[in-house]
Amino acid sequence: MLESNAQRVIEESVPGKQVTLAHVIASPIAEVYESLGVEETGAIGILTISPFETAIIAADIAGKSADVAVGFLDRFTGSVLLTGDVQSVEVALGAVVRILKEQLDYEVVQVTRT
């Protein structure tokens, strides 16, 4: 009988309270809108957040802070996609990042733009 000294390692992801992406895509190409199945509005905002359920809070903050539409929200991955004009999307992402940091003590990133 062969004896094995191999060890089995189990890794588990335990997300902290963090915003890992807050990005504005200004004037995306038409194919991006088409692939996402959202209306062309001028800009797309992307957020990734953990814990994942925070996506619901982020979408609500965004919608209350600027004239944006929630194009996609996934409470199982923490992804939120917003659409609107460039300024509204930037304002919405800024509000989400600020409120999560100041009121809920999240680690956040800066809002970026391409």
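**Exercise 1. Work out in which order the elements of the protein run from the N terminus on, and how spread out the chain is.**

Solution. Beginning at the N terminus, the elements follow the order β-α-β-α-β-β-α-β, where helices (H or I, at least four residues) and strands (E, at least two) are DSSP runs numbered from the N terminus. The protein has 3 helices and 5 strands. As a next step, take the radius of gyration, which is computed over C-alpha atoms and compared with a globule rule of 2.2 Å times the number of residues to the power 0.38. Its value is 18 Å, well over the 13 Å that the rule gives for 114 residues, so the protein is more spread out than a compact globule. Along the principal axes, the C-alpha atoms fill a box of roughly 70 × 35 × 20 Å.

Two remarks on the source belong here. The model is predicted, and local features need pLDDT of at least 70, side-chain atom pairs count only at pLDDT 80 or more, while totals for chains, interfaces and linings use all residues. Residues are numbered from 1 along each chain as its sequence is written, and side-chain values use heavy atoms, with hydrogens and water left out.

**Exercise 2. Describe the surroundings of K17: where is it found, and which residues does it contact?**

Solution. K17 is found in the segment before β1. With a relative accessibility of 41%, K17 counts as partly exposed, a class that lies between buried (under 20% relative accessible area) and exposed (over 50%), using a 1.4 Å probe and protein chains only. Leaving aside neighbours within four places in sequence, K17 is in contact (heavy atoms within 4.5 Å) with S50, P51, L104, D105, Y106 and E107. Turning to L104, the side chain of K17 reaches the backbone oxygen of that residue at 2.7 Å.

Terms used
A polar contact is a pair of N or O atoms within 3.5 Å; within protein, one must be able to donate a hydrogen and the other to accept it, and residues adjacent in sequence count only if both atoms are side-chain atoms.
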